[in-house]
Amino acid sequence: MTAIYTLWLRQIKKYLRSKSRIIGSLGQPILFLVALGFGFGHIFEQAGQGNYIQFLAPGVIAMSILFTAIFGGIEIIWDRQFGFLKETLVAPVSRFEIMLGRTLGGATVAIFQGIIVLFISMLIGFRVTNFALLPLALVFMFLIALMFTALGTAIASVVQDMTGFPLIMNFIVMPLFFLSGSLFPPGNLPSVLNVVVKINPLSYGIDGLRGTLGQMAHFGLPADFVVMVVIAAALIGVGSYLFSKIQV
Amino acid sequence: MENIIETKNLTKKFGDFTAVNNISFSVKKGEMFAFLGPNGAGKTTTIKMLTTLLAPTEGNITMDGHDVFHQQNKARQTFGIVFQDPSLDDELTAYENMDMHGMLYGIPAAQRKERIKTLLDFVELWDRKDSMVREFSGGMKRRLEIARGFMHKPKILFLDEPTIGLDPQTRNHIWAYLKKLNQEEGLTVFLTTHHMEEADRVSNRIAIIDHGKIIAQGSPEELKQRTGKQTLEEAFLELTGHQVRPEEASSVDTLRGQAKMWGRRR
Ligand SMILES: Nc1ncnc2c1ncn2[C@@H]1O[C@H](COP(=O)(O)OP(=O)(O)O)[C@@H](O)[C@H]1O
Ligand SMILES: [Mg+2]
């Protein structure tokens, strides 16, 4: 338990200390909210889909969680190369505890980012319709964060160094984001895209966020929840297995 | 005297390449044991196996009565280690690095506080305790790593080239600390170094490894006598030959470049 807490605390400390990184990572979500939100707003409304910011904000919140979470997991590569990972691996604790502590830390940081983006969205016009559902929204944020930190951990456990980073960005992170229901409604899509969106776990996370932050959930909240829990658990399983195989 | 480390027929293969080839040796409790060899001889690989980081391909290791492979956490409690490459979190302070180590080893808060004070005083870093490690010089980082490795009162301290890249003042300082810990606390020290005069001065016993095999063992005096040489350096060269071994680029160097590329400050 102490080991999990220790490694969690490390991530939080480092996050709170890196003000420039916090602010830097808010640029992209703000850009998405402003450019897309206001840019496509009237077209979306004309198509009878309602207020676009209202639709887009949960997607952008999920995006910032996704990016922060994946990076949080991938940080293992730095720790391995800069040597700190060894220090944890020779400590008298199991690899599973180390993996879990790091993953929970990364996930907590990602939730912080998500919450900040939620506030920013509210500043530019997003309305939370039912505050009673806010705790549930946090649950979905946590599930998204956990799932993708674990994915980052899994990736970082098999990739040796950062040379593969562009590959990870362009073939995993970006597709996860763009091919989810983040920017467009998941219904009425061309069939291939429809299938892709349906097998992308992030779609369910975003749908859950929409459902709890003031919109209709397309797949339904229970379905969103079950899919997210199952896949997050599976990725933690895979992540800790691969982490346990790391040789330094 | 009783053996605190025993290895039997220890072998490590990376694919077809045998880095450590069927070595057996033992280290006695309370001694300073030097493990010497040219670059690529297999020293670090051996230390990684001794410290549970690498699984041996064959053979077994007992440490303070625990089987290192099957009782990993018991074995881990008994040793501290200063790695060849840096292993501090340089985005945390010296104090935080120490504290985190203490937490990972299950030391209660009050005891951690006291221990950190004692050890940081000991390595003369207490007044820099709240500085980020990234601001430290190489020698300060090394001293901090030694203090950290000793935080949980291990019975054995592994030091893999602890004085590499340090000036003679700092090197002397560090060996003086270790000698003191060895004499006052009965700490067993397992060290590697390329400075033969250091090994000669501090170690009770030496094993020389080359191409993954131990080619000589004994006290510094015995090794000099056996080769008929005046100094340990000459004896070492006599035993391992004069051929120059390739030095490996440290992975950290290549990565620092990449880290910069990705805008990480390290
Ligand atoms: N992970 C690895 N994969 C392949 N070869 C390795 C690995 N680690 C070490 N080696 C090789 O094993 C040999 C011994 O390395 P090492 O134990 O680091 O030597 P030393 O510490 O004595 O300089 C070297 O030839 C090195 O290239
Ligand atoms: Mg080495």
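A polar backbone atom of B:Gly42 lies 2.9 Å from an oxygen atom of ligand 1. This is a predicted model, in which local features need pLDDT of at least 70 and side-chain atom pairs count only at pLDDT 80 or more, while totals for chains, interfaces and linings use all residues. Residues are numbered from 1 along each chain as its sequence is written, chains are lettered from A and ligands numbered from 1 in the order in which they are written, and side-chain values use heavy atoms, without hydrogens and water.

**Exercise 1.** Describe the surroundings of ligand 1.

Step 1. Twelve residues surround ligand 1 (a heavy atom within 4 Å). Among the closest are B:Gly40 and B:Lys43.

Step 2. Oxygen atoms of ligand 1 lie 2.7 Å from a polar side-chain atom of B:Thr44 and 2.6 Å from one of B:Thr45.

Step 3. Helix 1 of chain B gives the largest share of the shell, three residues.

**Exercise 2.** Place B:Gln84 in chain B and find its contacts.

Step 1. B:Gln84 sits in the loop between strand 6 (79–82) and helix 3 (94–104) of chain B.

Step 2. Leaving out residues up to four places away in sequence, B:Gln84 touches B:Thr44, B:Arg142, B:Asp160 and B:Glu161 (contact: heavy atoms within 4.5 Å).

Step 3. With B:Thr44, the side chain of B:Gln84 makes a side-chain polar contact of 2.6 Å (a pair of N or O atoms within 3.5 Å; within protein, one must be able to donate a hydrogen and the other to accept it, and residues adjacent in sequence count only if both atoms are side-chain atoms).

Technical notes:
Helix = DSSP H or I, 4+ residues; strand = E, 2+ residues; numbered from the N terminus.
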